[in-house]
Amino acid sequence: MKTVENSQPCPVCESPHLEVFFEMLAVPIYCNLLLLDREAALDCPKGDIRLAFCPECGFIPNVAFNPDRLEYTQEYENSLHYSPRFQEYADSFARSLVERYDLQDKTIVEIGCGKGDFLMSLCELGNNRGVGFDPTYVERSEHQHLIGQVRFVRDLYSERYAKENADFICCRHTLEHVPQPIDLLQPLRRAIGNQTDTQVFFEVPNALHTFRNLAVWDIIYEHCCYFAPTSLSRAFTQSGFEVNNLTETFGEQFLCLEAVPSGSSGETISSVQNEVKDLSRDIAAFTAKFDKLLETWQQKLNEMAREGKKAVVWGAGSKGVTFLNLLAAQEAIEYVVDINPRKQGMYVAGTGQKIVPPEFLPTHPPDVAIVMNPIYETEIRQILTDLGLECEVICV
C-alpha cells in the first residue's frame with residue numbers, strides 16, 4: 001500500500017494517513033440506471049475507483065470519487081424486493097424491529113427509502129405512520145392502500161426536514177453513497193435534538209465480507225465508501241450517538257447498526273485496534289487475490305466459448321454489471337437475467353447485454369447460468385426447474 005499524497009483526511013476519524021491499495025479505472029458510474037438502448041449502455045459515463053484504507057479506524061473511501069457526477073433520479077432502479085429470498089429477509093427483519101422496539105402506532109422516517117418497500121412493511125406490521133425520503137421513489141400500485149398513512153418525499157434527506165419528528169429512523173443501503181458520512185449523521189443528530197428515546201437503525205454493505213471473502217463484484221463507483229464494524233461504529237459515536245447493537249446479516253453481506261442519541265460524541269472502545277489490524281492484513285493481500293480471481297474467471301469464460309456453451313449471468317444489479325465490465329464478457333455472455341420487471345428489456349451499463357426475464361430462457365436455453373449472489377442459488381435453481389431447463393449453475 002502507498003500513502004496518498006495531499007489527500008483529504010479520513011472522513012470518519014480525520015486521520016491523514018489514508019493508504020491507496022486498489023484501483024479500478026473507467027468503470028460505469030451507474031450500475032443501476034435504466035438504459036433503454038444498447039448504444040446508450042455502451043456509451044455510459046465512466047469514472048475511476050481508487051480505494052484507500054484508514055489504518056486508524058478501518059474506513060475505506062474511494063478517493064477518486066466525484067459526487068458532482070452522480071444524480072439519482074426515478075430512472076435509478078436497485079430494488080431487491082422482487083426476490084422471494086430477499087423479501088423474506090427484509091420482512092423478517094422488519095418484524096424483529098417492530099417487536100424489539102414496540103413500533104405500534106408510531107412515526108417512522110426512512111432516509112433513502114428507495115421504492116418504499118421496507119417502510120411500507122414497518123408501517124403495515126405496526127399500524128405506524130411513515131415518511132420516506134428518496135429522489136428515486138416511483139409510485140407503485142401496491143402502496144395505494146396506505147395513502148394517507150405513508151407519504152414519500154422525492155428528495156435527499158437533510159437538516160431542512162428536521163421538523164419530521166420520528167420515534168424510529170431507519171436508513172438502509174444509503175450511507176455508503178455519501179462521501180462524507182458525518183455530513184448525514186451529524187445533521188440527523190441535531191434534528192433529533194432532545195428526543196433521546198428516538199431509535200436509529202442503519203444497514204450498509206459489510207466491508208469485511210467484500211475484502212475478506214473476495215466479494216469483489218460489490219465494488220462499484222456508486223459506493224464511495226465501505227464500512228467495517230469499527231468504522232461504522234466510529235462514525236456514529238463521533239456524531240453523537242450511542243451504538244447499542246451491531247450485527248452481520250444476510251449471509252454476513254450486510255452490517256446492521258442500532259443506536260440512540262447520546263449526550264456527546266465519543267470514541268469507539270475495546271477491540272477497535274485489533275479489528276483494524278485484522279482488516280489491514282486482508283487489505284494487504286486483496287489486490288493479488290483479486291487479480292487471481294479475474295484470471296480464473298477469464299479462463300472459465302474462454303473455456304465455455306471454446307466448447308460452444310451458451311452462458312447467461314443471473315442478476316443485473318451491481319454485482320452483475322461489475323462482473324461483466326471487469327471481464328469484458330460481451331462475446332461470452334449475450335443475455336443477463338433479472339426478475340425485476342423494471343430492468344427487463346433494458347441494457348447493461350458498459351457492456352450492453354440485454355436484460356431479460358427468466359421466462360425468456362426457454363426460447364434461448366443456456367448451458368450455464370452464472371449466479372452473481374450465492375445467497376439466491378436455491379431460488380434460481382427452482383426457477384430453472386419450473387421452466388423445464390437443465391443447465392449448469394455456477395455461483396461466483
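Student: Which residue in E12 stands opposite Val200?

Tutor: Helices are DSSP runs of H or I with at least four residues and strands are runs of E with at least two, numbered from the N terminus. Strand E9 (residues 199–205) runs antiparallel to strand E12 (residues 254–261), and 6 bridges join them. The residue in E12 that stands opposite Val200 is Ala259.

Student: What kind of model is this?

Tutor: Residues are numbered from 1 along each chain as its sequence is written, and side-chain values use heavy atoms, with hydrogens and water left out. Local features need pLDDT of at least 70, side-chain atom pairs count only at pLDDT 80 or more, totals for chains, interfaces and linings use all residues, and the model is predicted.

Student: In E9, which residue is the bridge partner of Ile169?

Tutor: Strand E8 (residues 168–172) is joined to E9 by 5 bridges, and the two strands run parallel. Two strands count as paired if DSSP finds at least two bridges between them. The partner of Ile169 in E9 is Val200.

Student: Why is one side of strand E7 and of strand E11 left without a neighbour in the sheet?

Tutor: The open sheet has 7 strands in the order E7-E6-E5-E8-E9-E12-E11, with mixed pairing. Strand E7 (150–153) and strand E11 (241–249) stand at its edges, so one side of each lacks a neighbour: each has a single partner strand.

Student: What angle does the direction of helix H6 make with that of E11?

Tutor: Axes are lines fitted to C-alpha atoms, for helices over the stretch in contact, and angles between N-to-C directions run from 0 to 180 degrees. With direction ignored, neighbouring strands of this sheet are turned by 15 degrees against each other on average. Helix H6 (residues 229–237) packs on the sheet and touches E9, E11 and E12, where contact means heavy atoms within 4.5 Å. The angle between the directions of H6 and E11 is about 155 degrees.

Student: How many of the residues of H6 are buried?

Tutor: A residue is buried under 20% relative accessible area, exposed over 50%, and partly exposed in between (1.4 Å probe, protein chains only). The buried residues of H6 include Arg234 and Phe236. H6 is largely enclosed by the rest of the structure, because its buried residues number 9 of the 9.

Student: How many residues of E9 are buried?

Tutor: Phe202 is buried, as is Phe236. Strand E9 is mostly covered, its buried residues being 7 of 7.

Student: Why is the pair of Phe202 and Phe236 given its name, and what is that name?

Tutor: Rings of Phe, Tyr and Trp (its six-membered ring) pair if their centres lie within 6.5 Å; planes under 30 degrees apart count as stacked, over 60 as edge-to-face and the rest as tilted. The whole structure holds 28 aromatic pairs. The ring centres of Phe202 and Phe236 are 4.9 Å apart and their planes stand at 75 degrees, so the pair is edge-to-face.

Student: How many residues apart are Phe202 and Phe236?

Tutor: Phe202 is in strand E9 and Phe236 is in helix H6, so the pair belongs to two elements of the secondary structure. The pair links distant parts of the chain, its members being 34 residues apart.

Student: What is the radius of gyration of the protein?

Tutor: The secondary structure comes to 9 helices and 17 strands. The globule rule, 2.2 Å times the number of residues to the power 0.38, is compared with a radius of gyration taken over C-alpha atoms. For 396 residues the rule gives 21 Å, and the protein is close to this, so it is as compact as a globular protein of that length, with a radius of 21 Å.

Student: How much of the protein counts as buried?

Tutor: Its C-alpha atoms fill a box of roughly 65 × 55 × 35 Å along the principal axes. Of the 396 residues, the share that counts as buried is 55%.

Student: Is Glu14 buried or exposed?

Tutor: Glu14 lies in the loop between strand E1 (2–3) and strand E2 (19–28). Its phi is near 70 degrees, a positive value in a residue other than glycine. With a relative accessible area of 61%, Glu14 is exposed.

Student: Which residue with positive phi follows H8?

Tutor: Helix H8 (residues 318–327) is mostly covered, with 7 of its 10 residues buried. Among them are Val321 and Phe323. The residue that follows H8, with phi near 45 degrees, is Ala328.
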